[in-house]
Amino acid sequence: MMQPRVVAMEEGKEPISANKMNLFRALPSRLFVFCLLFLGVGVGLSIISMYSVRFSMVQQLATKATSAVQPLFQDDGTTIDNFIRPPSNLMHNMNDTELLWRASFVPQIKDYPFKRVPKIAFMFLTKGPLPLAPLWDRFFKGHEELYSIYVHALPSYTAGYPPSSPFYGRQIPSQMVEWGRMSMCEAERRLLANALLDISNEWFILLSESCIPLHNFSIIYRYISRSRHSFMGSFDEPGPYGRGRYNPHMQPEVTLSQWRKGSQWFEVNRKLAIDIVVDTTYYPKFKKFCRPACYVDEHYFPTMLTIQSPHLLANRTLTWTDWSRGGAHPATFGKADITEGFFKKIFEGQVCLYNGQPSTVCYLFARKFAPSALDPLLGLASKVFRY
């Protein structure tokens, strides 16, 4: 009688045992699926994290690359400005060889891809200070876009011009200069080379600390800019101070018939300035065979340019000088000499050729004036010189 119950109890045990077995079987499957999902989420997050880090690194590298490397061409169109902008600091570290090489760069396309306003480069060859600077300040005032200034002084000299002066910061690297020797012409080439670094400079005038302008800026700019010639004295003098200084060892580059003499103070255009800077043919001959009593600054440039470009020279200087007293140096004028009558004599009786036509305006500058002449010159400037 008890067997069915036992059987029943045993049969009752069978479902319980089966459920447990099914539960035990289901748990591993669910755990496996859960682990797979967890693993998938983990892998996904890892991938996302990895790409996020990589993207962040790329951004950082791109930022660094952008700051470190500048493109050759910029969208703002200022690249050409970086090329044509004149040096902001004239006291560079180039030696003469490097400077002359850099200054010899010549664009082969004549038309400029920008609005170029041609300027006059005023180049002052001086021992030290410019005692007549206040007069020049008045002359330059209001014409800042039409000129540039370069000063070659002794290497030991430090200028003290105020920031408001047009001479402020215009001193170039220099070397010692000996009167009558090649170092004088080397200083002039140095001035030309520095001025050539400003592509807007079209005309180049060599002046000394004792020079003054005889006319206002507008007249001088118009006179020079409209001239078909450059103004460098160049003539054949047969006497002992001309042909008598010629050395036959200068042949074949320079023959006696090509030998010329002229004033040291000149005005040349950009083409002739480059010709002077790049010369390697005549320079060694003059340096070796033109020494005192051959004064190279009176012969080197006039002879070379007459050989190369005679049609571009007016064969006269623009700087008035008084040699009537004789001697190795011209007359110097001080305070007592500065009168209206003095300058009336300079202006009157002038006759020369300008662009092939007779002209009574032959001199734009004059020398030599002592520091004591400054005050009376300032007093006469507005009436006599119109500035």
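Visitor: Which helix gives the largest share of the lining of the second largest pocket?
Guide: Helix H7 (residues 270–278), with 3 residues. A helix here is a DSSP run of H or I with at least four residues, a strand is an E run of at least two, and both are numbered from the N terminus. This is a predicted model, in which local features need pLDDT of at least 70, side-chain atom pairs count only at pLDDT 80 or more, and totals for chains, interfaces and linings use all residues. Residues are numbered from 1 along each chain as its sequence is written, and side-chain values use heavy atoms, with hydrogens and water left out.

Visitor: What makes a set of points a pocket and not a cavity?
Guide: On a 1 Å grid over the protein atoms alone, a cavity is a set of points where a 1.4 Å probe fits but cannot get out, whereas a pocket is an open set with protein on both sides within 12 Å along at least five of seven lines. A lining residue has an atom within 4 Å of a point. Arg270, Lys271 and Ile274 are among the residues that meet this for the second largest pocket. The volume of that pocket is about 390 Å³, counted as the space filled by probe spheres on grid points joined across faces, edges and corners.

Visitor: How does the lining of the second largest pocket divide by class?
Guide: There are 7 nonpolar, 1 polar and 4 charged residues. Ala, Val, Leu, Ile, Met, Phe, Trp, Tyr, Cys and Pro count as nonpolar, Asp, Glu, Lys and Arg as charged, and the others, Gly among them, as polar.

Visitor: What lines the largest pocket?
Guide: The largest pocket has a volume of about 1,300 Å³. It is lined by 47 residues, of which Trp179, Gln264, Trp265, Trp323 and Arg367 are the closest to its centre. Domain 1 (85–106 + 115–317) and domain 2 (318–386) each supply at least three lining residues; the bounds come from an automatic or database domain assignment.

Visitor: Why is the pair of Trp136 and Phe365 called stacked?
Guide: Rings of Phe, Tyr and Trp (its six-membered ring) pair if their centres lie within 6.5 Å, and planes under 30 degrees apart count as stacked, over 60 as edge-to-face and the rest as tilted. That rule gives 38 aromatic pairs. The centres of Trp136 and Phe365 are 6.3 Å apart and their planes stand at 25 degrees, so the pair is stacked. Trp136 is in helix H4 (residues 133–140) and Phe365 in strand S9 (residues 365–366), so the pair ties together parts 229 residues apart in sequence.

Visitor: Why does Trp136 count as buried?
Guide: Buried means under 20% relative accessible area, exposed over 50%, and partly exposed in between (1.4 Å probe, protein chains only). Trp136 has 2% relative accessibility, so it counts as buried. Phe365, at 0%, is buried too. By contrast, Asn315 at 42% is partly exposed.

Visitor: How do you know that the charged end of Arg170 sits over the ring of Tyr150?
Guide: The rule asks for NZ of Lys or CZ of Arg within 6 Å of the ring centre and within 35 degrees of the ring normal. Arg170 is placed over the ring of Tyr150 at 5.2 Å from its centre. Arg189 likewise lies over the face of Tyr283, at 4.9 Å from the ring centre.
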